[in-house]
Amino acid sequence: MVENFFKRVLDSYHHRFVSRKLVLAIDLAIIVFSFLTACILRFNFDVADINWSVYQYYLVFLLLVRYVCFTSYRSYHGIVRHTSLEDMNLIFRTVTASSLITTGLSTTAAFFGDNHSLYIPVSVLLIEYFICLFLMIASRFFVKSMYMDIASKNRRKQSQDVIIYGAGTLGLVTKNVLLHDTGNVYNILCFIDDNTTLGDMSVEGVRVYDLDTAYERFLSDTAREVEVVLAIQGISPSHKKAIIEYFLQRDIVVKVVPSANEWLNGRLSSQQIRKIRIEDLLEREPIQLTNEKIEEQVTGKCILITGAAGSIGSELTRQILRYCPSRLLLMDQSESALYDLEFELNQNCPTATKLLPIVADITDEVRMQRMFNLHRPQVVYHAAAYKHVPLMEKYPYEAIKTNALGTKLLADLSTSNDVEKFVFVSTDKAVNPTNVMGATKRLAEMYLQSLNDRFNNGTRFVITRFGNVLGSNGSVVPLFKKQIQAGGPLTVTHPEVIRYFMTIPEACQLVLEAGTMGIRGEVFVFDMGEPVRIQDLARRMIQLSGLEIDRDIKIEYTGLRPGEKLFEELLGECEQNRPTHHPKILIARLQSVPFQLVHETFVELRKALKKCDREAMVGLLKGIIPEFISNNSEFEKLDQAEEKLTNPR
């Protein structure tokens, strides 16, 4: 009854701190109660034997001494709801000191004054001391416990129901982390585990169910907000995707526990348990690299990476750094991004590797010649390029200058400076190109192949070709994330447009692996998995954000942009492929173009660039790349003119 009364009072004022004056008044009231109780106990409950006319002055004297000690020690200044052992120690010292002072003054006054009426019996003071000390400490911890009960009650009202998928070691670690989280309250409903032997058993007091049973018991009620935390070690990407899809189709929030090597300081915290990202749904089986061959190609050598500050270039840099090259030349024309990359890499750079950031333009012949002569790179990874299709359709001059002529310059310098291997990062847009960007990358491929045919014993040129990478600059995924944060709408060019996707680390791993395979002039095509409909990607990203399509955020179709096509291809109509020892890397069989023909095209392109003749530039590309048919572009008229010439009426 009393406890409930206190709880109701404290619940009404739980957001306020108790006044210090009130705490002091309660402490003084405890002294009065303790003194009266001590007197009654001292006289064996015979109240008539107590001379109250004298004992009332004893009480006043005791109150004055205690009051002075309380104000001196500031024992009532603490916040009661946060009472700790330090506060208990302070109360002990305050009450003890005041009792000793009272006893000393009382004894002294009685001894020197010959008036025993001033003498307070030590037995009374001793009994009062223990009662007062106990009540003052107990009162504070009693109030603290009331506050804690109220806080716990309020937190339970805001608790989050959680189901942990996985009753193994990682699942148990996750359970303990959630239950000990001080910032939030989690209610662990159950474990889900695919191991049938654990069905209907308990692990550390939490029941284990199979997926269907857990869904029927806890998830079928749509009004109940339950989060599922995926905590399985060594789960395959396909199994992980199947589990996530199961819950997402039922509008259930799914979170994932990071792998142990991502834990901060080797410990998991609740803040690290994150929501599912779109990358988790597109994740594939981990790539097995032939590390010995990569080490042979990279370790102890001078490596040049162009476009080092870009998405692909920066990840290539991180992965190559693990193999301890002697020097790592980081070339990019973006000084801010290059500075950020250098700062990041310096944190974990091996002592055997020297990082050399180089701010330069790959089309600057004088600068490139100087760089090759000075540093003498042994292996070149060429990732620098303009990649934005609509922009390059608008500015073909820049696309041709960088993607085609820039690659030619680097390739020529590599040949003349005895570079061992030149690995070119191309794109699936070079296959049956419908835009200027893809055509310039295809022309670069053709030139590198022609160099391999011309110089049999010189630099080995290797071409890698893959599709879109998640999270890269210009990728649709970062764009959708920004649009979701802004409240939409999400813009999709066409309902049927599809693209191939892979993660940046996966793409770079395959580039390194293909680089070790290349002997001379091969075009390596990566297994991009299943194509993804961009409309489905947008819908899934909205769902992963906890939003509802059309109600919270809309999808708008803007039409294909200049140069875009509905689907990308990894091989052209006349191209075939053959397998390699790596299941995710194929070799495309492309018909090589004579060096002289490609060289003459570059000569004519330089003339067109000097005149800034856009149609002449694009016309030359179409002349050497017959499959280059513009789509949704101003340059479609060149195709129409060519068709009239070849098929006159």
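What follows is a description of the chain as a whole, of one set of paired strands, and of some helices and side chains.

The model is a predicted one. The chain contains 22 helices and 22 strands, and 48% of its 649 residues count as buried. When contacts in the chain between residues at least 6 apart in sequence are considered, 76% of them join residues at least 24 apart.

Strand β13, which spans residues 460-465, is mostly covered, with 5 of its 6 residues buried. Between β12 (residues 421-425) and β13 the chain passes through helix α16 (residues 436-454), and this β-α-β crossover is right-handed. The pairings of β13 are set out below.

| Strand paired with β13 | Residues | Sense | Bridges |
|---|---|---|---|
| β12 | 421-425 | parallel | 5 bridges |
| β18 | 523-526 | parallel | 3 bridges |

Another residue, Thr 407, belongs to helix α15, which covers residues 396-416. Is Thr 407 buried or exposed? Thr 407 has a relative accessible area of 2% and therefore counts as buried, the limit for that class being under 20%. Its side chain reaches the backbone oxygen of Asn 403 at 2.7 Å. Leaving aside neighbours within four places in sequence, the residues in contact with Thr 407 are His 382, Thr 402, Phe 422, Phe 424, Ala 444 and Leu 448.

Helix α11, made up of residues 311-321, is likewise mostly covered, as 10 of its 11 residues are buried. Among the buried residues of α11 are Ile 312, Leu 316, Ile 320 and Leu 321, and the buried set also includes Ser 311, Glu 315 and Gln 319.

Finally, the cysteines: a search of the whole structure finds 0 disulfides. Cys 69, for its part, counts as buried, because its relative accessibility is 6%.

Methods
Residues numbered from 1 in each chain as written. Predicted model: local features only at pLDDT ≥ 70, side-chain atom pairs only at ≥ 80, totals over all residues. Heavy atoms only, no water. Buried < 20%, exposed > 50% of the residue type's maximum accessible area, 1.4 Å probe, protein only. Helix = DSSP H or I, 4+ residues; strand = E, 2+ residues; numbered from the N terminus. Contact = heavy atoms within 4.5 Å. Pairing = 2+ DSSP bridges. Right-handed = clockwise from strand over helix to strand, strands pointing away. Disulfide = S-S within 2.5 Å. Polar contact = N/O pair within 3.5 Å; in protein donor to acceptor, adjacent residues only side chain to side chain.
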